[in-house]
Amino acid sequence: METSICRHVPFNSIPSSSSSLNYTFRFLTPSLPVSLSSTLTTTNHRPSFPSLRAQQSEASDGSAIEADSKVDTKEWKVRNSQDEIAATQGIQIRRRPPTGPPQHYVGPFEFRLQNEGNTPRNILEEIVWNKDVELAQWKGKKPLFTLKKAVDNAPPPRDFIGALKASYSRTGMPALIAEVKKASPSGGVLREDFDPVEIAKAYENGGAACISVTTDQKYFQGSYENLEAIRNSGVKCPLLCKEFIVDAWQLYYARAKGADAVSLIATILPDLDIKYMTKICKMIGLTVMVEVQDANEMDRILGIDGIKLIVIKNRNLETFEVDISNTKKLLEGERGEKIRQKDILVIGESGLFSPADVAYVQEAGVKAYPKFVHFFMHTGRVAQIIVGESIVKQKDPTKGIAELFGKDISVPAALA
Ligand SMILES: O=C(O)c1ccccc1NCC(=O)[C@H](O)[C@H](O)COP(=O)(O)O
């Protein structure tokens with residue numbers, strides 16, 4: 001193995017409060033999270049910070065190579081500092097492969113084996129690394145300023161939360177966000193004859209409140225074209241763009257393609273990114289939900305102001321294990337109380353296949369209120385669910401919804 005090194009210090013042992021890291025962070029991004037600072041400037045698969053590059057080139061006595069080397073070093077430190085900040089919040093997913101330091105780097109704190117650890121540790125990390133490469137290509141083709149124009153011309157955002165509440169009030173059962181997805185890493189290809197618009201219409205006819213559309217191409221065989229086609233097809237249900245969002249560019253793109261809502265994944269995104277992305281969503285009219293899978297993530301998100309929708313995932317994205325009691329666990333005790341106080345809507349997600357599963361998550365987080373109060377109370381309990389596999393696999397997804405709920409929840413013709 002090639003080495004540039006004499007001693008190996010594990011990544012986590014680099015002092016996260018080192019002045020060099022803090023300096024780099026402030027220098028590049030006075031007010032934005034590091035990961036978002038690249039939104040406006042990245043054009044290839046490695047974030048290059050042109051303004052910094054320009055400054056460095058001017059500062060060196062005309063030596064472009066030396067300047068490039070310094071910039072590479074700074075970029076490398078910035079990327080690593082991103083992961084360090086995330087790690088302090090319990091985030092294990094590394095946003096990019098931790099490639100070794102640039103050739104000329106002689107760091108004050110660390111020496112490292114080159115290429116060590118450049119294999120994703122799990123499927124989620126692999127998806128995120130791939131997203132980074134994909135995004136660089138997309139951004140090259142559609143820079144942010146062109147997207148901003150497209151957002152201005154997009155069909156107006158619809159009331160995602162209103163649709164969920166209306167459905168729950170109508171049926172007394174969790175409002176369904178029905179997922180249009182062709183394949184998934186855990187389930188493989190779920191449906192060969194996949195017509196996204198037909199499936200979305202079948203869901204709407206079956207009583208879905210909202211529709212989730214997976215847009216990741218490589219792992220879910222989804223696309224933004226599917227999202228756009230459903231939006232333009234006359235389907236009235238508000239649309240969730242189900243993506244692995246790692247960059248604000250994706251928010252603009254989702255809105256431009258007609259999305260009404262997006263989901264942010266706490267397993268991937270540090271708090272600062274979530275706060276910043278939430279602000280952007282508000283600006284462009286997207287409803288935000290944040291997905292959590294454990295108590296630490298739930299506590300982090302409950303500490304962020306302005307989050308109105310929390311998705312509790314029953315599938316561990318790192319291991320694929322499904323455990324629907326996760327929803328119940330995360331709503332117990334003080335957490336449940338805080339959710340009620342903050343007026344947050346909870347969505348149960350993944351692994352729901354039967355009326356018993358739906359009833360189980362519906363009961364999760366329920367306090368001992370009289371039944372008629374439950375009927376009007378959306379917060380603090382699971383009054384909405386996201387379901388993909390169990391209904392998309394059915395020959396007739398409309399019937400699939402009735403089977404999932406154990407009854408017909410479609411909107412009566414007189415109300416439609
Ligand atoms: O579903 C997967 O295999 C998967 C793997 C890695 C990351 C995310 C994954 N799923 C994303 C989703 O959000 C699911 O599509 C959603 O929870 C619906 O789940 P289900 O009803 O079990 O299809």
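Colleague: Let's start with helix α9, residues 224-231. Is α9 mostly covered or mostly open?
Modeller: Mostly covered: 6 of the 8 residues in α9 are buried. Keep in mind that this is a predicted model.

Colleague: Which residues of α9 are buried?
Modeller: Tyr-224, Asn-226, Leu-227, Glu-228, Ile-230 and Arg-231.

Colleague: And what covers the buried residues of α9?
Modeller: The cover includes the strands β1 (175-180), β4 (210-214) and β5 (239-242), along with the helices α8 (196-206) and α10.

Colleague: Why does Gln-221 count as partly exposed?
Modeller: Because Gln-221 has 17 C-beta neighbours inside 10 Å, and partly exposed lies between the exposed limit of 12 or fewer and the buried limit of 20 or more.

Colleague: OK, zooming out. How many helices and strands are in the protein chain?
Modeller: 18 helices and 10 strands. The chain has 416 residues, and 43% of them are buried.

Colleague: Let's look at β8 then. Why call β8 largely enclosed?
Modeller: Because 4 of the 5 residues of β8 are buried, the rest of the structure largely encloses that strand.

Colleague: How many bridges join β8 to β9?
Modeller: 5 bridges, with β8 (residues 309-313) and β9 (residues 345-349) running parallel.

Colleague: What does Val-290 touch, leaving out residues up to four places away in sequence?
Modeller: Leu-264, Ala-266, Ile-274, Ile-301, Ile-307, Ile-310 and Val-311. Val-290 also belongs to the largest nonpolar core, which has 94 residues, and is among those touching the most other members, together with Ile-177, Cys-210, Ile-211, Val-262 and Ile-385.

Colleague: Which helix gives the most to this core?
Modeller: α10, residues 248-256, with 7 residues.

Colleague: Changing topic: which residues are closest to the ligand?
Modeller: Ser-184, Ser-186, Ser-350, Gly-388 and Glu-389, out of 19 residues that surround the ligand. The elements giving two or more residues to that shell are α5 (123-141), β10 (382-387) and α17 (389-392).

Colleague: What's the shell like by class?
Modeller: It has 7 nonpolar, 6 polar and 6 charged residues.

Colleague: Last one, Ser-410. Where does Ser-410 lie?
Modeller: In the segment after α18 (397-405). Ser-410 is 206 residues from Glu-204 in sequence, yet their C-alpha atoms are 7.9 Å apart in space.

Colleague: What does Ser-410 touch, not counting residues up to four places away in sequence?
Modeller: Asn-205, Gly-206 and Gly-207.

Technical notes. Residues numbered from 1 in each chain as written. Predicted model: local features only at pLDDT ≥ 70, side-chain atom pairs only at ≥ 80, totals over all residues. Near = placed C-beta within 6 Å. Nonpolar A, V, L, I, M, F, W, Y, C, P; charged D, E, K, R; others polar. Core = buried A, V, L, I, M, F, W, Y, C linked by C-beta atoms within 7 Å. Contact = placed C-beta atoms within 7 Å. Pairing = 2+ DSSP bridges.
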